[in-house]
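Let's take a friendly look at how the parts of a protein model touch one another. Have the sequence and the 3D view ready as you read.

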Amino acid sequence: MPENTSTEKEKPRIGVFICHCGSNIGGFVDVKAVTEYASTLPDVAYATDNLYTCAEDGLNNIKDSIKEHNLDRVVVSSCTPRTHAPLFQRTCEAAGVNKYMFTFVNIREHCSWVHMKEKEKATQKAKDLVRMGIARARFLEPQEETKVDVTPTALVVGGGVSGMTAALSLANMKFPVHLVEKDQELGGFVKNLHGLMMTTKSANETIKPLIDKVNAHKNITQHLNSHVASVEGFIGNYDVSIGGDGAEAKEVKVGTIIVATGAVPLVPEGLFGYKEHPNVITSTEFEELCNKKELPKLKSVAFIQCVGARGQTVSYCSRICCNVAIKSAMNIAENRDNMLGVTEEKAAETGEVVEEPTAEKKAEEEGSERRRRRRGRGRRDEDEGGEEAAAPSSGVEVTVFNRDVMAYGVEHELEFNKAREKRVKFIRYLPDNLPKVSVKDGKLEVGYFHETLKMERTMPVDLVILSTPLVAQPDAATLSQLLKVPLGQDGFFQEAHVKLRPVDFATDGVYVCGACRGPADITEAVSQAAAAASRAVIPLANGFVQAEALTSRIDEAKCSGCGTCVEACPYSALRKNEEGVTEVIAAACKGCGCCGATCPENAITMTHYTDQQLLAEAKAALEEV
Amino acid sequence: MSGDEFEPNIVAFCCNWCSYAGADLAGVSRMQYPPNARIIRVMCSGRVEPYFILKALELGADGVLVAGCHIGDCHYISGNVEAEKRMKTTQELLDIVGIGRDRMRLEWISASEGQKFAATMKEFTEQIRKLGPNPIPKQPKAGSIDPASLKRKVDQLIEDTGAFDCVECGKCTTVCPVAKHDPDFAPRTIVLKATEGQTEAITTGGDIWTCITCEQCNSMCPYEVDYSGFIRGLRAEAVKMDSTPTCSQGGIIQGLMRVQAYGDFKQDRLGWLTQELKVAEKGEVFYFTGCVSYFDALFNDRELNLSGIPQAVVKIMNKAGIVPVVSNDEVCCGHDLNWTGDEAGLQKLMKKNVDLIKASGAKKVVFSCPECMRTFDMDYQDFMGDFEFELTHVSELVDDLVKEGKLKLKPSARKLTFQDSCRLGRHLDIYDPPRAALEASEGTEIIEMENTRDKALCCGVSAWTTCDETARKIQVERLKEAKKTGADCLVTGCYKCLIHLACTRDNKLEGVPKEQVDIKIKDLSVAIAEALE
């Protein structure tokens, strides 16, 4: 490695600023001695110490010294770059020195604070660290941040509630949107449902306005019966090919992409007598039967929660099933919209009386409901006596076998309480003692161990509804490969950061919302979709993306196109060009340097963390003084 | 550092997002730990090359720490997974070369684990303190050279290699595989520049590192100019002027060789030696295995089965009643140092190897690596005069044994094509024995490629320096030739031909249909051993 490129170019002029940080550094490191030592090192044009380099005085000192001593690079030796680098970089820029010509040396967190009882050794270490910083500074090069233009159009994959919401949000912000839906109509998973939580409207009624708006919106181009066939490019500049059933693929150019492909319910093969008895069905199938008004005649219904979830077929909790079961249980108990199909004719046949609640009675019920809510906890005591009105109006016994009810949130917890008032039974089971569904004398029954009573029990039922978790779309893996975004271990799309970036992917330009990143109810899906749209619109509205200045660079003459780096890159920021040589997509590169470390030909330079800079530091660290 | 007790020098590569922040937290929490480590900040632990570890040790670090985010928490998704993979390889290499894996450590330290950072510093410092100072001796610097001495040296080189005899006919350039793909390169212009006195320009320019020293030019030159010798001589001077090659794999291979040359470590290079193989400590025949264990560790992610090569050679010898001497104290022959300008390193290695062979009492040294054999035959003997022991390539040995009736190979119906390596063929002039050894198994048919024997195309890379686009083109060309023969398998005469050609075959190559290059590749010794009864 050539030691002195400086002889060829102009000699570097390094300014070194060493901070006392009050007594934080000065109390344990002989800062004067370190400064004196720094001034003897090659290429150091100026070295000084400051009481607080980050204070107004210190910053002015840097600016003035740059001019006075014609400095072309700056080393600040103080605290940690993780908090203070931007401040000093701005100071350098203000004085006309490119911010990448700055090096930070940490002699506080990494030296004075951790060697408080060894002043001599701490001073020696500080000298070593400063020498390393100066060695690095010698090889620094100015960097420019570049901009890449953005195609002001978005792609939304999935025409369910999340996808439609996201598409509408973007379209309303006046950006053209391509909406790809694999089914022949919009609506996603929700369109097959009957009733929804927290609303008396049917599922179809609820989402119809959304579908109408999407259909009417001039900025949304729908691609039904279609799928994403291929994706090339990077943030701001994607070339997407949309394939249809037998139709020729359509090519569109988009700037950002939102994934909203939803999820599917787990099919509980081999669990709790599913498929062995026609009256053992999943909660999704229950919704379909409700829609078709084909429910069997019901006297007793059992829900079994967590079927295949939480450590059985899948490891996670599907979050929404408790609330769905509470909703369905309530609907059955109240025979909402006459869902049990007890028509007047049928009633005449069977002698049952169909109660059509009068407007008056409805208002009364709602009033009492509001009162109950206000009363809160006190309510149960009053209920102890067992009011007649609390009994299920439909006369159907509903039991929910559960491991524990997760009715999170204010409204859902109240629904749960309401369901109990309607005499919906919630019976707990333990995972090592599951309820058993069997048939006796042609009748379905559920056997269970009552944990409180410590008794084996049996309950005859007409219908068993299995609450199964939502699982990832079977084709999620294909899409994840096309978009080069990750799936988590459960097959759902994985966001960039679980807390701080919940609708972004690590790859810039691609966003996620709805059940494709994990089970979500409609409320959550809508908020996520709005969030994803607001994230996806940023590059579209800006019209450009700022590329990371610290990207890897490829020496085309050295690159043999072996592709090792392409595989090592976590961001798919490397691709082969037409000549078979690898190139960096600057807009996608994050500057981790994994490619540089893996290149067998040393054809990749990781800007600002070059082999030369890092090895110069190592060499300086080990120099004998 | 002062004091009586040994104070280790530790270099710590810390990722910006987790472990560097962990170190910050240790500071903020005033957790005291020994002041022995010097932190180098990288954005991601995935940035750390195996060579960085070895280089730090070469520079005198007593220990090297690499710290990153916990698996699953990497700021760059999976950079730390890459780091883990690379550090595992590095540890294996440190074990083989005898430095030992304990001198390096990989830790996952999150930004909230100041405690763990401080504890790691304490533990690791103690660990290194116990190990003692890094025993790699300081290596001599390449030195420097003034223009006048350089001129004298180059003039001598021109004399030695017959470069003045060049009549500019350009035949060398027409056969040069590099010139074919890189029009800016021509062997003859390098020689011409030297004879014109432009010595500094050629020693600091890139051309002398672009040459793959395959000696197509030597074999074609009507005036017998020794181009490759000329290039080798120039390289030895160039390094004194800070002109260095770009080495493959970051230069770790040369680093490992320098450690063998200048250090005195107990290696662990016989990992391939399985129980059923019979070897001795002293005897008539010494089998010089070459750096196969190092390559095997370095390329462990590819299915090359490099360990199968020495295993095959010993199996063949055992079958013929020979129990060869195989030594863990063998060191690298120095070929790659010699061809990257480090003649001093070559001489150090030479002395160790020759002493070892003399002590074994061997009268014959068998090689399966043509580079080792070339280095013994030509370079060692240049320095030391003729050896008393005989140098034989494994194919020559097999050929002799078969002819003497001491080794029988079973018939096998196979169609093979043979890759003459540059060192085995043009450098050592061994063309017939490998073919004879393969055909000793009845039914074996050797189908020659379009360019064969002294016209054979090279694998494109020599001394781990020229792995580039040109190399890739040369390799593709060679693979296409091999595939075109219709043979079942391409048999290679050199470890490096195997590594390089297999690498190209297994890569996704733009514009090269897989079926044109997809051929099974096997080492010569392995192919011979297959036909053992």
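Between them, domain 2 of chain A and domain 4 of chain A bury about 580 Å², and carbon and sulfur atoms account for 63% of it. Buried area here is the accessible area, found with a 1.4 Å probe, that two parts lose on being put together, summed over both. On the domain 2 side, Phe234(A), Lys484(A) and Asp508(A) lose the most area to domain 4 of chain A, together 59% of what that side buries.

This is a predicted model, in which local features need pLDDT of at least 70 and side-chain atom pairs count only at pLDDT 80 or more, while totals for chains, interfaces and linings use all residues. Residues are numbered from 1 along each chain as its sequence is written, chains are lettered from A and ligands numbered from 1 in the order in which they are written, and side-chain values use heavy atoms, leaving out hydrogens and water.

## Where the domains lie

Chain A is divided into domain 1 (5-143), domain 2 (154-262 + 473-545), domain 3 (268-469) and domain 4 (548-606); these bounds come from an automatic or database domain assignment. The C-alpha centres of domains 2 and 4 of chain A lie 30 Å apart. Their contact (heavy atoms within 4.5 Å) takes eight residues from domain 2 of chain A and seven residues from domain 4 of chain A.

One salt bridge is counted between these two domains, a salt bridge being a side-chain nitrogen of Lys or Arg within 4 Å of a carboxyl oxygen of Asp or Glu. The side chains of Lys590(A) and Asp508(A) meet in a salt bridge at 2.6 Å, N to O.

## Chain A meets chain B

How many residues does each chain give to the contact? Chain A gives 64 residues and chain B gives 61 residues. The area buried between the chains is about 5200 Å², with 57% from carbon and sulfur atoms. In chain A, Arg82(A), His110(A) and Leu622(A) lose the most area to chain B, together 13% of what that side buries.

Three salt bridges are counted between chain A and chain B. The side chains of Arg38(B) and Asp128(A) also meet in a salt bridge, at 2.8 Å, N to O.
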